[in-house]
Amino acid sequence: MDKLVRTCTETYLQQFNKRVTQLRVPISGSMDLTHKCNLRCVHCYLDPQNTKRTSHQQEMNTEEIKGILDEVTAAGCLYILFTGGEPFARADFADIYQYAKSKGLLITIFTNGTLITEKILDLFDDLPPRAIEISLYGATAGTYEKITGVKGSYNRCISGIEMLLEQGLNLRLKTILMTSNRHEFFETQQMAKDYGVPFRFDAALFPRFNGDRLPLELRVLPEEVIDKEFSEQNRRDEWKRFYDHFRDFPTSDAMYQCGAGLTYFHIDAYGNLQPCLMSTKVQVSLKEKRFLDVWNGQIRSIREQKMSSEHVCANCSKRILCGYCPAFFQLETNSYSGISEFMCSMGQLRYERLQSIPVRRGP
């Protein structure tokens with residue numbers, strides 16, 4: 001019976017997702033509640049030194065955020081990610097969160113974990129989020145605080161993690177692999193295992209939105225990234241299943257091949273709608289236009305853009321393995337038709353590893 005239920009559920013979800021995509025329903029989105037943050041992380045895509053109050057004063061107020069939540073839920077949004085900046089840096093976070101829950105939204109929160117308070121725990125006790133993800137940048141205070149630039153932040157992060165776990169909330173840990181913490185990667189991963197929570201990592205650092213290319217200097221060599229990526233059996237199996245499933249799918253000439261602008265959207269702290277977090281060159285203010293008008297207008301036009309047949313990625317069979325992303329390319333090369341040699345190398349290395357890895361059967 002359990003197997004039948006799982007099969008029926010999977011079939012339903014496949015049909016549901018297919019229909020959502022066909023109808024171009026914005027079922028999932030993310031929202032920067034603020035660009036303010038109590039940390040100054042060296043790799044941050046926002047300017048970690050930007051402490052100008054004028055820019056923060058232009059961020060959406062409580063009622064503007066609630067109004068946008070009204071519009072996105074009316075358009076079909078079911079999943080929302082609250083991120084930043086640091087979401088808990090907003091004094092009105094509880095008000096916004098409660099309102100989002102009242103709209104029936106399934107909420108995930110990205111946080112650095114250092115601002116968890118009893119008030120937040122009480123809020124989540126009554127209205128638990130779908131998931132909380134905390135960035136853990138190292139296994140020791142020295143490494144973590146070299147990245148965050150704030151003394152004492154490591155202990156506050158660990159305290160936040162343990163408080164949320166004690167509350168029984170759905171917590172996940174993640175890290176950004178970079179030259180500053182590469183030596184503690186396995187220890188950081190082990191911390192997640194010891195806490196009994198999922199762990200993921202990313203190494204695709206990109207320039208800041210203001211054009212500063214300093215984060216690129218923190219990249220780890222692709223060979224080391226893939227070594228760490230394939231060091232775990234589960235990750236190897238996931239990549240193998242993913243590749244075996246998608247490698248024979250027909251190629252598309254669409255420039256954007258993910259869910260950006262199709263079923264996914266991003267709204268920044270100032271109320272600008274864009275296809276995804278990284279598509280900063282395509283922004284329309286929701287303070288001036290309604291969500292659905294922009295979704296069906298400027299955002300739709302992004303999905304209609306085609307990749308040139310001359311583009312180096314156009315006929316690449318390894319495109320599904322590199323993390324192909326025109327918005328990423330634009331940030332790194334100032335051109336949607338450019339490519340990231342870093343990402344291209346990782347795609348090639350993944351391809352080479354996958355050729356000799358069988359799929360593990362059984363539980």
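The largest nonpolar core of this predicted model holds 97 residues, and Phe93 and Phe124 have the most contacts inside it. A nonpolar core is here a set of buried Ala, Val, Leu, Ile, Met, Phe, Trp, Tyr and Cys residues joined through side-chain atoms within 4.5 Å, where buried means under 20% relative accessible area with a 1.4 Å probe, protein chains only. Helix α7 (residues 153-166) gives the most to this core, contributing six residues. Helices are DSSP runs (H or I, at least four residues), numbered from the N terminus. Beyond its neighbours within four places in sequence, Phe124 is in contact (heavy atoms within 4.5 Å) with Phe88, Phe93, Tyr97, Ile109, Pro129, Ile132, Leu164 and Leu169.

As to the basis of these values, residues are numbered from 1 along each chain as its sequence is written, and side-chain values use heavy atoms, with hydrogens and water left out. Because the model is predicted, local features need pLDDT of at least 70 and side-chain atom pairs count only at pLDDT 80 or more, while totals for chains, interfaces and linings use all residues.

Two helix pairs come next. Helix α3 (residues 62-74) packs against helix α4 (residues 93-102) at an angle of about 15°, the axes being 10 Å apart; axes are lines fitted to C-alpha atoms over the stretch in contact, and angles run from 0 to 180 degrees between N-to-C directions. This makes α3 roughly parallel to α4, a term for angles under 35 degrees. On the α3 side, Thr62, Ile65, Lys66, Leu69 and Asp70 meet Asp95, Ile96, Tyr99 and Ala100 of α4. By class, this contact has five nonpolar, one polar and three charged residues, with Ala, Val, Leu, Ile, Met, Phe, Trp, Tyr, Cys and Pro counted as nonpolar, Asp, Glu, Lys and Arg as charged, and the others, Gly among them, as polar.

Helix α10 (residues 233-246) meets helix α15 (residues 341-354) at about 95°, with axes 11 Å apart. The two are therefore roughly perpendicular, the word used for 65 to 115 degrees. Arg236, Trp239, Lys240 and Tyr243 of α10 contact Arg350, Tyr351 and Leu354 of α15. Four nonpolar and three charged residues make up this contact, with no polar ones.

Finally, Phe328 sits in helix α14 (residues 326-333) and is buried, at a relative accessible area of 3%. Setting aside residues up to four places away in sequence, Phe328 touches Ala204, Leu205, Phe206, Arg219, Met278, Ser340 and Met343. Asn296 is 32 residues from Phe328 in sequence and 23 Å away in space, C-alpha to C-alpha.

Terms used. Angles under 35 degrees count as roughly parallel, over 145 as roughly antiparallel, 65 to 115 as roughly perpendicular and the rest as oblique. Buried means under 20% relative accessible area, exposed over 50%, partly exposed in between (1.4 Å probe, protein chains only).
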